[in-house]
Amino acid sequence: QVQLVESGGGLVQAGESLRLSCAASGSISSINTMAWCRQAPGKQRELVAVITSGGSTNYIDSVKGRFTISRDNAKNTVYLQMNSLKPEDTAVYYCNINQRRGWGSRYDYWGQGTQVTVSS
């Protein structure tokens with residue numbers, strides 16, 4: 001059973017940076033997209049950033065220009081560089097790998113979550 005292991009969360013002050021990493025414990029074939037989502041207390045989980053197999057990226061408006069998602073295909077690892085952090089970025093961050101499977105189906109792998117807390 002492949003697991004996603006996240007690291008890099010923590011407590012920082014507003015304006016500082018963090019880099020999240022998410023590595024798969026084994027090989028995952030036919031990866032479609034890799035992404036980061038977050039869930040703040042009392043809120044629904046939201047998609048923060050996504051990167052396709054071709055390297056195209058997309059971000060929610062609130063993090064554009066501050067966050068950068070990247071991937072290392074050889075290592076099945078996805079990163080999220082977070083700069084100029086704001087208190088509203090405080091949340092549990094989850095990584096996601098979407099895999100293409102037979103007959104057009106997809107499967108989602110999820111990390112366990114890593115806490116990011118930004119103090120003002």
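My entries below go from the overall fold to the core and then to one residue in it.

**Entry on the model.** I am working with a predicted model, so I keep that label on every value here.

**Entry on the fold.** I looked up the secondary structure and found 11 strands and zero helices in the chain. Read from the N terminus, the elements are β-β-β-β-β-β-β-β-β-β-β.

**Entry on dimensions.** I checked the radius of gyration next: the chain has 14 Å, which agrees with the value near 14 Å for a compact globule because the rule is applied to 120 residues. The C-alpha trace spans about 50 × 25 × 25 Å along its principal axes.

**Entry on contacts and surface.** Among contacts with a separation of 6 or more, I noted that 53% join residues 24 or more positions apart. Of the 120 residues, 42% count as buried. The chain exposes about 6400 Å², with 46% of it from carbon and sulfur atoms. I also looked at charges: there are 12 positive and 8 negative, and their mean positions lie 7 Å apart.

**Entry on the core.** Which residues touch the most other members of the largest nonpolar core? Among its 30 residues, they are Trp 36, Leu 80, Met 82 and Tyr 93. The elements giving two or more residues to this core include strand S4 (31-39), strand S8 (77-82) and strand S9 (91-100).

Methods: Residues numbered from 1 in each chain as written. Predicted model: local features only at pLDDT ≥ 70, side-chain atom pairs only at ≥ 80, totals over all residues. Heavy atoms only, no water. Helix = DSSP H or I, 4+ residues; strand = E, 2+ residues; numbered from the N terminus. Rg over C-alpha atoms; globule rule 2.2 N^0.38 Å. Buried < 20%, exposed > 50% of the residue type's maximum accessible area, 1.4 Å probe, protein only. Contact = heavy atoms within 4.5 Å. Areas by Shrake-Rupley, 256 points an atom, 1.4 Å probe, with all protein chains shown as cover. Lys, Arg positive; Asp, Glu negative; His and termini not counted. Charge placed at Lys NZ, Arg CZ, Asp CG, Glu CD. Core = buried A, V, L, I, M, F, W, Y, C linked by side-chain atoms within 4.5 Å.
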